[in-house]
Structure formats: C-alpha cells, structure tokens
Amino acid sequence: MSVREVLRLGDPRLRERAREVAAELFGSVALEGLITDLRDTMAARDGAGLAAPQLGVPLRVVIYGITANPRYPEAPPIPETVLINPVLTPLGEERQLGWEGCLSVPGLRGQVERAQRLHVAWRDPDGAHHQQEVDGFHARVVQHECDHLDGLLFVDRLHDSRAFGFTPELEAAGLL
Ligand code: NI
C-alpha cells in the first residue's frame with residue numbers, strides 16, 4: 001500500500017491545470033504506480049474519488065468508485081474506474097442539485113449544481129480509448145473529480161453559501 005498525503009484547500013497545487021498524460025507514459029510502471037497510490041489513498045480515506053493533483057501530481061488522471069462507503073451511505077454502487085485525459089460533454093439541459101464533500105476539504109459538505117447526464121471519453125492506463133454515458137450521482141462524481149484537473153474544487157461551485165458547512169452541524173440541522 002502507498003497511502004499518500006492528500007493536499008488540502010489552500011495548497012496552490014490544487015489550483016493548477018493538470019497536464020495531459022503523454023503517449024509514452026501509457027502502460028508504464030510510473031503511471032501504474034500513480035494509479036496504485038490513488039487507489040490506496042482513496043480507500044484509506046473512504047473517498048468516492050481522487051484526482052492526481054490532490055496528491056501533488058499535475059497529471060490528468062482520476063480514479064473513482066463506490067462500494068459500501070461510510071462517507072456516502074445512500075450512494076449507489078459505482079465500479080472502480082480510472083479516467084486518463086477525460087473529456088466531458090453534458091447531455092441535455094437537465095441539472096441536479098446535491099451534496100458534495102472532498103478529501104481536500106475535510107469535514108465540510110456543500111450543495112453543488114451539476115449536469116444530470118454526461119458523455120465521458122477517456123483513455124485507460126494502457127492507452128485504450130473508452131466512452132460512456134453516465135447520469136445522476138455517477139455523473140456528479142465524474143464532474144467533481146475532473147474539476148480537480150482544472151484546479152477547481154466544489155467550494156468554487158456552491159449553489160448557496162448557506163448550504164455549506166461542517167457535516168455534523170448540517171446533519172443536526174436536518175440538511176444532510
Ligand atoms: Ni474532491
């Protein structure tokens with residue numbers, strides 16, 4: 001296991017635009033090592049997803065997946081997926097409002113509006129091309145993680161600053 005430190009809000013490395021993974025890196029030991037670290041760190045912190053910039057690595061790589069997650073008890077299961085150089089295209093005008101948290105913003109949750117449905121194109125660690133349509137919570141997770149690749153965090157997209165706060169307080173107020 002290589003559980004690494006997750007950068008927190010305020011670290012300028014979270015605010016940079018990450019670089020595309022170059023062709024020669026596909027299938028490499030270095031890329032596989034990064035993905036292992038993302039997977040191990042996400043699992044150790046009960047995250048639903050993690051992006052390479054959160055480990056201080058400025059590359060367009062994200063991982064996500066949900067089995068039974070104590071941080072997201074209501075969330076539907078999502079198979080583990082690694083997206084490299086992802087391209088997101090919203091499908092239709094429909095939007096969804098929902099709560100998000102982030103391992104780089106520990107302890108806080110906020111309501112964020114996202115596209116309901118997306119087309120996602122990406123490459124896998126061996127460089128093969130994939131595409132998929134996703135919706136609902138799955139689409140939310142993809143948008144949140146891919147925002148990290150452009151230096152954006154959910155706090156930049158809060159729907160209403162009053163629907164934002166520490167998890168226990170929001171739960172006590174009946175908001176979460
Ligand atoms: Ni995040």
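In what order do the five strands of the open sheet lie, and is their pairing parallel or antiparallel? In this predicted model, where local features need pLDDT of at least 70, side-chain atom pairs count only at pLDDT 80 or more, and totals for chains, interfaces and linings use all residues, residues are numbered from 1 along each chain as its sequence is written. Side-chain values use heavy atoms, with hydrogens and water left out.

The open sheet has the order β1-β2-β3-β6-β7, and its pairing is antiparallel. Strands (E, at least two residues) and helices (H or I, at least four) are DSSP runs numbered from the N terminus, and two strands pair if DSSP finds at least two bridges between them. β1 (49–51) and β7 (129–135) are the edge strands, each pairing on one side only. From one strand to the next the twist averages 40°; axes are lines fitted to C-alpha atoms, for helices over the stretch in contact, and angles run from 0 to 180 degrees between N-to-C directions. Three bridges join β1 to strand β2 (residues 61–66) in the antiparallel sense, and L50 stands opposite I63 in β2.

Two helices lie across strands of this sheet. Helix α1 (residues 29–44) lies across β1, β2 and β3 (78–90), at about 40° to β2. Helix α2 lies across β1, β2, β3, β6 (117–123) and β7, at about 70° to β3.

V82 lies in strand β3. Its relative accessibility is 12%, so V82 counts as buried (under 20% relative accessible area; exposed is over 50%, partly exposed in between; 1.4 Å probe, protein chains only). Beyond neighbours within four places in sequence, V82 is in contact (heavy atoms within 4.5 Å) with residues including I35, I63 and W122.

A nickel ion has C102 (SG), H144 (NE2) and H148 (NE2) as its protein donors, at 2.1 to 2.3 Å. Donors are N, O and S atoms within 2.8 Å of the metal (3.2 Å for Na, K and Ca); water is not among the atoms, so sites may look incomplete. C102 lies in the loop between β4 (95–100) and β5 (108–115) and H144 in helix α2 (residues 136–148), so this pair ties together parts that are 42 residues apart in sequence. Both C102 and H144 are buried.

R109 is placed in strand β5. R109 is buried yet has no salt bridge (a side-chain nitrogen of Lys or Arg within 4 Å of a carboxyl oxygen of Asp or Glu). The nearest side chain of opposite charge, E171, is 6.7 Å away; Lys and Arg count as positive and Asp and Glu as negative, while His and the chain ends are not counted.
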